[in-house]
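Let's take a walk through this protein together. Have the sequence and the model open side by side as you read.

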Amino acid sequence: MRRYLAVGLDCYLCLVTGGLLVRPYAGSATVPQVVGLLIGPVLVLSFLNQVVLTAVVGAGAGKLIMGIRVVSLPDARRPGPGRLTRRWLYGLCWLPLQPWYGLRARLAGAGGAGGPGPRPVCEEAAARTDSAGLRQVRRSDLAAHRRAVAGRAV
């Protein structure tokens with residue numbers, strides 16, 4: 001649930017900040033022009049949040065608020081900008097298609113084929129890891145992991 005709230009916060013913060021940047025120009029523009037003006041700042045803010053901020057501090061604004069960190073597998077280190085950029089681009093393509101995937105799954109379930117049920121373990125593990133091999137973990141769990149690893153190295 002924390003991940004979804006963090007994504008929602010990230011979207012909200014990007015849209016509000018982008019809206020505030022475009023607001024002075026919105027009065028004299030048509031609706032398509034305002035949408036065009038809004039897309040640029042929102043994409044830039046999203047990139048800064050998801051790639052730059054995550055590369056610097058280990059999480060975007062929403063994840064920082066929710067106490068989540070983004071780590072690369074298997075070493076649980078901060079991911080590099082290349083992987084973060086790949087993850088950001090994948091998210092831009094994946095997120096808008098979610099209503100379609102949900103509708104398609106619901107229609108397939110209504111027809112009796114592949115209805116809702118328990119997911120296989122390998123599918124659940126894949127759901128916790130994203131396309132770039134990154135994982136979102138709670139800050140407290142990451143700190144405990146690092147203490148345990150440091151204790152084994154001594």
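Start with charges: searching the whole structure turns up 1 salt bridge. The partners are Lys 63 and Asp 10, whose side chains come together at 3.4 Å, N to O. Lys 63 belongs to helix H3 (residues 61-66) and Asp 10 to helix H1 (residues 2-26), so this pair ties together parts that sit 53 residues apart in sequence. Is Lys 63 buried or exposed? Lys 63 has a relative accessible area of 3%, so it counts as buried. Asp 10 is buried too, with a relative accessible area of 4%. Keep in mind while you look at these contacts that this is a predicted model.

Now zoom out for the overall layout. The protein has 7 helices and 2 strands. If you read from the N terminus, the order of elements is α-α-α-β-α-α-α-β-α. The chain has 154 residues, and 21% of them are buried.

Strand S1 covers residues 68-72, and Val 70 is found in it. With a relative accessible area of 2%, Val 70 counts as buried. Look for Thr 54 as well: its C-alpha atom is 7.3 Å from that of Val 70, although 16 residues along the chain lie between the two positions in numbering. Next, find Ala 55, which lies in helix H2 (residues 31-57). Ala 55 is partly exposed, at a relative accessible area of 24%. What separates the C-alpha atoms of Ala 55 and Arg 78? The distance is 6.8 Å, for two residues that are 23 apart along the chain.

H4 has 14 residues, and at 1.5 Å a residue they should span 20 Å; the end C-alpha atoms are 19 Å apart, which agrees. Its buried residues are Leu 84, Arg 87 and Trp 88. Looking down the axis of H4, you'll see these buried residues fall within an arc of 100°, so they line one face of the helix.

A nonpolar surface patch of about 810 Å² is built from Tyr 90, Trp 94, Leu 95, Leu 97, Trp 100, Tyr 101, Leu 103 and Leu 107. Helix H4 (81-94) and helix H5 (98-110) each contribute at least two of the patch residues. Which helix gives the most to the patch? That's H5, with 4 residues. Leu 107 is one of the patch residues, and it is found in helix H5. Its relative accessibility is 56%, so Leu 107 counts as exposed.

Finally, the cysteines. A disulfide is a covalent bond between the sulfur atoms of two cysteines. How many disulfides does the structure hold? The count is 0. Take Cys 11 to see why: the closest cysteine sulfur belongs to Cys 14, and at 7.1 Å it is too far for a bond, given that a disulfide needs the two sulfur atoms within 2.5 Å. Cys 93, at 55% relative accessibility, counts as exposed.

Key
Residues numbered from 1 in each chain as written. Predicted model: local features only at pLDDT ≥ 70, side-chain atom pairs only at ≥ 80, totals over all residues. Heavy atoms only, no water. Patch = residues over 30% accessible without salt bridge, like charges linked within 9 Å, V, L, I, M, F, W, Y side chains within 5 Å. Areas by Shrake-Rupley, 256 points an atom, 1.4 Å probe, with all protein chains shown as cover. Salt bridge = Lys/Arg side-chain N within 4 Å of Asp/Glu carboxyl O. Buried < 20%, exposed > 50% of the residue type's maximum accessible area, 1.4 Å probe, protein only. Expected span 1.5 Å × (residues − 1). Arc of directions from axis to C-beta.
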